[in-house]
Amino acid sequence: MPTSSRADGRVLRLCRDAAFLCAALAFSYLETLFPLSLLIPLPGVKLGLANVLITAVFFWYSPIDAGVVSALRVGIAALLFGTVTSFFFSALGALAAYGVLWLCRLFLRRFCSYIGVSVLAAAGHQIGQITAACLLFRSAAPQAYLPVLLCVAIVTGGVTGLLLNLMAPRLEKAMKRGQNT
Amino acid sequence: MKNTVSTRFRLWDGVVMAAVLLAALCLFLVPLLRGGGKTAIVRVDGEIVARMPLSRDDELHVENNGYHLTVTVRDGAVFISETDCPDRVCEHTGKISKKGAAIVCAPAGVTVTIGKGGNDDADFVAG
């Protein structure tokens with residue numbers, strides 16, 4: 001029956017996005033437990049494990065699902081373990097990264113693996129956060145940190161991209177098996 | 001579900017990483033090529049609280065959001081000599097003297113930037 005199968009599809013999509021949202025939140029929490037800033041004494045340096053999932057949803061399913069998951073993650077993470085300031089920073093970062101994902105989808109996805117995409121998204125995220133800092137301080141001073149943060153983005157984006165490259169084929173297989181049963 | 005992106009490292013991944021690195025390098029080098037400034041502008045929460053000429057050794061104590069900072073001008077450069085802020089980012093930035101260079105202490109909401117002197121704010125771009 002077409003109607004019921006469409007409803008099934010919707011429920012499946014809702015559950016799937018909810019599952020990814022929970023996983024993304026868990027990753028966000030995990031990162032607050034082991035802050036990377038202990039190794040690199042700079043504010044805003046994070047591996048961005050949650051972004052692994054956002055990127056995955058973006059390219060596996062649809063940009064809309066990824067946008068919803070990302071927005072909810074930022075909001076809920078801020079409520080759970082953030083402040084107004086941290087919400088502002090992560091919101092602008094996530095928004096910029098989401099924009100970059102769109103650009104990658106439009107122009108780069110034929111040429112790049114997840115590594116290139118992740119590096120660019122991480123760079124976008126940093127640019128968004130610097131913009132947030134500039135707005136907050138009402139000064140252009142924070143842009144002096146951009147070169148350092150971009151170098152950090154190459155490393156963190158590279159690591160998350162590598163994770164995606166390794167994870168994606170396996171998960172694809174697992175999901176297919178799950179859908180057939 | 002389908003992977004619409006390659007999962008193997010491609011040439012363009014390298015190009016992208018190199019491009020980001022190059023952008024970072026350029027952004028890093030541009031302030032170094034600029035000439036030295038004449039004044040350090042100290043801002044708290046976006047408001048200018050002091051202009052310190054780099055030609056005269058000086059010290060300034062700033063307090064905001066419960067944090068204390070000491071801004072020191074010595075030998076034509078400005079740096080944060082003391083802070084009780086846990087990040088220490090501002091301290092690690094070290095001495096700055098070039099136009100457009102900046103020290104930022106995010107928790108205290110304090111920034112120190114270099115201007116030409118007088119009322120020059122031209123090196124500030126709206127955020």
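Student: Hi! At what angle do helix α4 and helix α5 of chain A pack, and how far apart are their axes?

Tutor: Helix α4 (residues 84–108) and helix α5 (residues 114–137) of chain A pack at about 145°, and their axes lie 7 Å apart. The axes are lines fitted to C-alpha atoms, for helices over the stretch in contact, with angles from 0 to 180 degrees between N-to-C directions. Helices (H or I, at least four residues) and strands (E, at least two) are DSSP runs numbered from the N terminus.

Student: Before I go on, what sort of model is this?

Tutor: It is a predicted model, in which local features need pLDDT of at least 70 and side-chain atom pairs count only at pLDDT 80 or more, while totals for chains, interfaces and linings use all residues. Residues are numbered from 1 along each chain as its sequence is written, and chains are lettered from A and ligands numbered from 1 in the order in which they are written.

Student: Back to those helices. Which residues of α4(A) and α5(A) meet?

Tutor: On the α4(A) side they include A:Phe88, A:Leu92 and A:Val100, and on the α5(A) side A:Val117, A:Leu120 and A:Ile127 are among them. Contact here takes C-beta atoms, placed from the backbone, within 7 Å.

Student: How many helices and strands does chain A have?

Tutor: Chain A has six helices and zero strands. Its radius of gyration is 17 Å, close to the 16 Å of the globule rule for 181 residues, so chain A is as compact as a globular protein of that length. That radius is taken over C-alpha atoms, and the rule is 2.2 Å times the number of residues to the power 0.38. Along the principal axes, the C-alpha atoms fill a box of roughly 60 × 35 × 30 Å.

Student: Quick one: is A:Gln143 buried or exposed?

Tutor: A:Gln143 counts as buried because it has 21 C-beta neighbours inside 10 Å. The cut-offs are 20 or more other C-beta atoms within 10 Å for buried, 12 or fewer for exposed and partly exposed in between, with C-beta atoms placed from the backbone. A:Gln143 sits in the loop between α5 and α6 (146–180) of chain A. Beyond its neighbours within four places in sequence, A:Gln143 touches A:Ile130 and A:Cys134.

Student: New topic: in what order do the strands of the open sheet in chain B come?

Tutor: The order is β2-β1-β7-β6, with antiparallel pairing. At the edges stand β2 (47–53) and β6 (102–105), each with a single partner strand, so one side of each has no neighbour in the sheet. From one strand to the next, the twist averages 20°. Strands count as paired when DSSP finds at least two bridges between them.

Student: Where is the hairpin in chain B?

Tutor: β4(B) and β5(B) form it, with two residues between them, and B:Asp75 in the turn has a positive phi of about 55°. These strands pair antiparallel over six bridges, and B:Arg74 has B:Ala77 as its bridge partner.

Student: Last one: how many residues of chain B are in contact with chain A?

Tutor: 37 residues of chain B are in contact with 41 of chain A. α1(B) gives the largest share of the chain B side, 11 residues. That side divides into 20 nonpolar, 10 polar and seven charged residues.

Note on methods: Contact = placed C-beta atoms within 7 Å. Nonpolar A, V, L, I, M, F, W, Y, C, P; charged D, E, K, R; others polar.
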